[in-house]
Amino acid sequence: MNSKQAPAAPDGGRFTIRGSRDEDVAAIQAIYAHHVLHGTASFELEPPDLDEIGRRRADVLRGGFPYLVAEHGGRVLGYAYANLFRTRPAYRFMLEDSIYIDPGAIGRGIGRTLLAELIAASEAVGCRQMLAVIGDSANVASIGLHAACGFRFAGVMRASGWKFGRWLDTVLMQRELGEGFGSPPPPGR
């Protein structure tokens, strides 16, 4: 994936969307750890360590799927990746997306730009559906982001997670990629 410039880094400059690199893993882990410890977007209770985040990233890339970062001035402001929704072979054309933004960079269009690039990169590898599995039905920012990028409501799993002393819902949103279900999938995947 080529780097792309986008507006609105925290200091008013432009940020770049590019494929993640090994040296980004520490920043990715720090961003994710913040969301695990302080938010309900992730249902993990303890942040994974650096090695685990590196392993997870390697699994995504090994599968041939996109793992992107937004950066400005050498600082990772957010990241997004897509991976198989489920590992059973019939699901191989359906991806689940994940997006996390540095808390100091939220509200600057980084998530929307990352998601748009993630969708394009996922279409380029021949996938046909993308599912957003959104932690917490009160997560209006993520729900709104996905809706703005063409995702439609697909359901709610009520009280599916227990975190911070309360039950949390899981919201499912889905978007077609490329030709969607309008034709057979491309050969070779």
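## A tour from the cysteines to the helix crossing

The cut-off in use here calls a pair of cysteine sulfur atoms a disulfide when they are within 2.5 Å. A search of the whole structure accordingly turns up 0 disulfides.

Before moving on, a word on what you have open: it is a predicted model, in which local features need pLDDT of at least 70 and side-chain atom pairs count only at pLDDT 80 or more, while totals for chains, interfaces and linings use all residues. Residues are numbered from 1 along each chain as its sequence is written, and side-chain values use heavy atoms, leaving out hydrogens and water.

**Next stop: the core.** Select Tyr79, Ile110, Leu114, Leu115, Met130 and Phe151, which touch the most other members of the 39-residue largest nonpolar core. Such a core is a set of buried Ala, Val, Leu, Ile, Met, Phe, Trp, Tyr and Cys residues joined through side-chain atoms within 4.5 Å. In soluble globular proteins, nonpolar side chains tend to be buried together.

Stay on Phe151 and show its surroundings. Leaving aside residues up to four places away in sequence, Phe151 has among its contacts Asp97, Leu115, Ile119, Met130, His146 and Arg175; a contact means heavy atoms within 4.5 Å.

Asp136 is not a glycine, yet its phi is positive, at about 80 degrees. You will find Asp136 in the loop between strand 6 (129-135) and helix 4 (140-148), where Asp136 is buried with a relative accessible area of 7%. Helices (H or I, at least four residues) and strands (E, at least two) are DSSP runs numbered from the N terminus. Now jump to Phe164, another non-glycine residue with a positive phi, near 55 degrees. Phe164 sits in the loop between strand 7 (152-163) and strand 8 (166-176), and is partly exposed at 46% relative accessibility.

**Last, the helix crossing.** Select residues 25-38 (helix 1) and 50-62 (helix 2): their axes come within 9 Å and cross at roughly 105 degrees. That makes helix 1 roughly perpendicular to helix 2, since 65 to 115 degrees counts as roughly perpendicular, under 35 as roughly parallel, over 145 as roughly antiparallel and the rest as oblique. The axes are lines fitted to C-alpha atoms, for helices over the stretch in contact, with angles running from 0 to 180 degrees between N-to-C directions.

Which residues make the contact? Helix 1 brings Val25, Ala26, Ile28, Gln29 and Tyr32, and helix 2 brings Leu50, Ile53, Gly54, Arg56 and Arg57.

Centre on Gln29, a buried residue with 19% relative accessible area. Setting aside residues up to four places away in sequence, Gln29 touches Pro47, Pro48, Asp49, Leu50 and Ile53. From there, pick Asp51 in helix 2, which is exposed at 64% relative accessibility.

Definitions and conventions
Buried means under 20% relative accessible area, exposed over 50%, partly exposed in between (1.4 Å probe, protein chains only).
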